[in-house]
Amino acid sequence: MDSLPVVKGTLDLLVLRALTDGDMHGFEVTSWIEAKSGGSLEFDDSAIYHALYRLEKRGLIAADWGVTENNRKARYYQLLKAGREHLEAETDRLVRFADTMVGILTSPSGGTG
Amino acid sequence: MIQRDLEAEIGLHLDLRTERLVRAGLAESDARTEALRRFGGAMATRHLYTEALSRERRMRMRGWLDGFGQDLAYAVRTVVREPALSAVIVVTLALGIGANATMFGLIDRLLLRGPAHVTDSGALYRFYRTTPASGSVPVSRSGGRTTDVLGYVSYKVFRDGTHSFDGIAAYRVNDGIVGQGATAAELNVGSATADFFPLLGVSAQVGRFFDDDEDRPGAAQDLAVLGHDLWQSRFGGARDVTGQTLMVNDQPYTIIGVAPRAFTGVDLERVDVWLPMSAVSPQRSSNWQDTWNASWLNVVGRLKPGVTAEQAGLDATAAQRAAYTGRSERLRESTIVIHPVSYGPNGSEPLEMVVSRWLLAVATIVLLIACANVMNLLLARSVARRQEVAVRLALGISRGRLFRLLVLHGLVLAGAGGALALLFVRTGGPVTRRILLPDVLWTGTVDSHVVLFTAMMVLVVGALTSAVPALRAGRRNVTTELKSGAREGGGRRSPLRTGLAMVQVTLTVVLLIGAGLFSRSLSTVSGLDLGVEPDRVLTVAASWATPPVIPAGTDPADAWRVRGQRSDLFYAQAVERVRAMPGVSSAAVAIGTPFQSLFSVDLRVSGHDSIPPVEGGGPFISAVTAGYFETTGLDLLDGRSFTQQDRAGSEPVAIVNRTMADALWPAGALGECIYMIERDPEAACSRIVGIVADANRFGLREAPAMQFYVPLGQEAGIGGTLLLVRPAGRIEDPKRIAAIRAALYDLDPGLSFVSVHSLQEQIDPQVRPWKLGATLFSLFGGLALLIAAIGLYSVIACLVAERTHEMGVRKALGAGRGTVLTLVLRRSTWLVAAGLALGTAIAFYSGRFIQDTLFETDPHDPMVFAGVALITVVVATLASLLPAWRASTVDPAVALRAE
């Protein structure tokens, strides 16, 4: 399957969604999205960090230094309450949008009535 | 910092990715390259970094601002919570800052800003002619005579014959009568060449200024451009004023425009109307365009960039020498120099400006004293609140934050002081300016420059006064402070605070000595014997609307005599009329009065082939009626005064002054002869019948000149009659002045204007620098004394408060009230004595710098020094006695229980 380019703005939602599973550092977020998409989404790894910083600036997530299982220093990101609400609202919106699009695009051809 | 964070984060990412790729089977180096590729390459890293950097900066700024806002609010609350302390500090700073802002406003107007509406006034220079010293001419200190009053021919020569200037113009401002009849008033009438306005870069607010064609010599038009003030007051600011007629010196002029508000040419005095130079100059002389013998205007020029004033002066001198056609040796040898337009008529910086600069220095000292005082109060405050500070530090506030908090507190106080200072400037500024430079046209007191200057001072003063106490507060050791009560901290000596109080005393002493020296100068000037008594004499001059009728067939050579007859007749009647008025003790008519005009004529005297020169010059001639010496207050030393019988046609007589008598006839002047050979080589002997005291001619300091008086009517070749009136009471009584005017109009309804001035008005500008210096030095000195007294009081009061416990112990152990009092006073006495000694030393040393500004006063005047010492000691004792007394009344039981 060809990889799909990520629609603008959706990467932020994916990152937020990843963090609902718990605090993660950047590579964990990247791996989470790769695993969930089965590698079918196409983006540079750096885009994840852009998204993380963007979300941090908007106050949707917070960051703090921590240590990985292998005792390496890493910056861990945590989903904030505002982030969770944003994720829910945006997911809802995106799902309705997608439903509508799918409905229109897959409807049988013919007159309107 | 950010870069390191980012490198760590991305480094980890790349490491983990590489490890995963290696686990999937890639070679180590290939895995690394692939990891980087997936990340987006090196560019992606850099991009991330710059973005992170700007984000970090924004966040830090926001954090700082949040903290700043909190701290500012806290600082304001602190100021409000300590109303007494805050009030003292704010008022102290307001006085200091206000004094500086006021003086800055003055200097700004005089020196920095230049005349209003003038483009780049710094490049404008005024032309001066210096003639070499010669026996008959008054000699200035520089050895020659320098003047800025030149002729039209000089203007033409400089304009056409020099190459150092981007433009040259001529102008002059004189008193003139504007209007006719009831609305006539003596105003400032400017005349200027048409190139004056473009040279300055000014354009009219309404209409226009006149152009070269309208100012063409020989074909000039009678046009007028109104000053803004006159336009408002007389024409109500009507825009259709152009085309109307304005009478100036009884000539009609057509108004063609209005100058912009506050435009005063290159000087700072108000100008009410501008006329074309070529329209008014023919009144000066029939060949005014070309004569070297008449001087009535000032020449100014805009120096080309890169040319020095010295080069330009040489250029102008060369041009004058090449063009000079007259016969005067002195004029031929004279040199031209140029000075900034702010310079005075004799080519030196006006004394007012020198004094103003001194006063700015003085104001700075007042501010320093105020700052020392405030710093002292803040130090005392930080001692009193050291426990609060310790608690804050213990609670984890950073020392930087604490510093910021305290400095903000200082800035808030200084800001309030600055605001109050502007209020002071608003109310006090106009008064200062009126005393300082009453002729200058001022526009507003609190302008943008003054506000900006005040704001800068607020920042500097606020930071300065609070930084030292803040640094000391942050240095404290938290644990010991927390453990200690007031007792342990109290006994500590504070050399810094004592030192600050001493500095205040020192500076105050310096200022007071300055005030004393200027006051002495003023009293010397005021008490000066000028020979005549200018403050008791009014001068009255009449002018007529129409020229007198000269009978047909009169020889033109006699026309001037006929013209003079009307005036002579009028003044002869006027003096009788005025003398008979109630409230007038005497009156006389004179040509050639001190501080007004000076004449000399060709003479021969008995007993000498030629007249030996004296330092002050002369002989000068005055023609006066009976009662002149009585009216002016000049003492008759020997012989007799003139009587009603001494007149035209009676036996020629003369009265000489003491200097002339001593120089020419040491054995006795009475009965000797003066021959006035100016017009008649065979003139008869004017027999000397009396000797009078010397009188100053123009200046306050000048060598006595030879002077003689003849009865009015016996003179020849001089003119310019004045009526002199000596009122019995106050001379500025407006009712009496109005009565004199009315009597004269009644005498001759054809009069267009009667001007009345006191002779003193001619002298006031010369006295003003000392009046100014004495007034403002005294004011600032008093201010400094007050602030220093408050400072001393607060230092002693704090000292006492901190040692309350010690005092209690001492009293409990049996010390009497006197002992405690002595203990406290000893400290303040030491402090004051040191300050006094230091201040006296500084004043003594800097005396020679102020010498030139003083009037015949020794800068080391022992009376002044002793007086200041006395005042300082008295005030200092009073200021420290109060808290000391309070200390001595401490109840030991209360003091000891207070812990």
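A salt bridge is a side-chain nitrogen of Lys or Arg within 4 Å of a carboxyl oxygen of Asp or Glu. By that rule, the structure holds 28 salt bridges over all chains. This is a predicted model, in which local features need pLDDT of at least 70 and side-chain atom pairs count only at pLDDT 80 or more, while totals for chains, interfaces and linings use all residues; side-chain values use heavy atoms, with hydrogens and water left out. Residues are numbered from 1 along each chain as its sequence is written, and chains are lettered from A and ligands numbered from 1 in the order in which they are written.

**Chain A in outline**

- Chain A has four helices and five strands. Helices (H or I, at least four residues) and strands (E, at least two) are DSSP runs, numbered from the N terminus.
- From the N terminus on, the order of elements in chain A is β-α-β-α-β-α-β-β-α.
- Chain A has 113 residues, and 36% of them count as buried. Buried means under 20% relative accessible area, exposed means over 50%, and partly exposed is in between (1.4 Å probe, protein chains only).
- Contact means heavy atoms within 4.5 Å. Take the contacts in chain A with a separation of 6 or more: residues 24 or more positions apart account for 51% of them.

**Helix α2 of chain A**

- Several residues of α2(A) are buried, among them Phe27(A), Val29(A), Trp32(A) and Ile33(A).
- An α-helix has 3.6 residues a turn, so residues three or four places apart point the same way.
- Gly38(A) follows α2(A), and its phi is positive, near 65°.

**Where chains A and B meet**

- On the chain A side, 20 residues are in contact with 21 residues of chain B.
- The size of an interface is often given as the accessible area lost when the parts come together. Here chain A and chain B bury about 2,000 Å² between them, with 54% of it on carbon and sulfur atoms. Buried area is the accessible area (1.4 Å probe) that two parts lose on being put together, summed over both.
- In chain A, the residues that lose the most area to chain B are Phe27(A), Tyr53(A) and Arg72(A), together 33% of what that side buries.
- Eleven residue pairs are in polar contact between chain A and chain B (both at pLDDT 80 or more). A polar contact is a pair of N or O atoms within 3.5 Å; within protein, one must be able to donate a hydrogen and the other to accept it, and residues adjacent in sequence count only if both atoms are side-chain atoms.
- On the side of chain A that touches chain B, α2 (26–37), α3 (45–57) and β5 (73–79) each supply at least two residues. α3(A) gives the most, with six residues.

**Salt bridges between the chains**

- Five salt bridges are found across the interface of chain A and chain B.
- Glu19(B) and Arg72(A) form a salt bridge at 2.7 Å, N to O. The pair crosses from helix α1 (residues 2–23) of chain B to the loop between β4 (61–67) and β5 of chain A.
- Glu19(B) is partly exposed at 31% relative accessible area. Arg72(A) is also partly exposed, at 22%.
- Arg20(B) pairs with Glu34(A) in a salt bridge, with the closest N and O atoms 3.7 Å apart.
- A network of salt bridges links Glu34(A), Asp45(A), Arg17(B) and Arg20(B).

**Inside chain B**

- Asp272(B) and Arg270(B) form a salt bridge, their closest N and O atoms being 2.8 Å apart. Asp272(B) is buried at 3% relative accessible area, whereas Arg270(B) is partly exposed at 29%.
- Glu651(B) and Arg687(B) meet in a salt bridge at 3.0 Å, N to O. Glu651(B) lies in the loop between β16 (636–639) and β17 (653–657) and Arg687(B) in strand β19 (residues 685–692), so the pair ties together parts 36 residues apart in sequence.
- Arg736(B) sits in helix α21 (residues 734–747) of chain B. Arg736(B) is buried, with a relative accessible area of 15%.
- A polar atom of the Arg736(B) side chain lies 3.3 Å from the backbone oxygen of Gly583(B).
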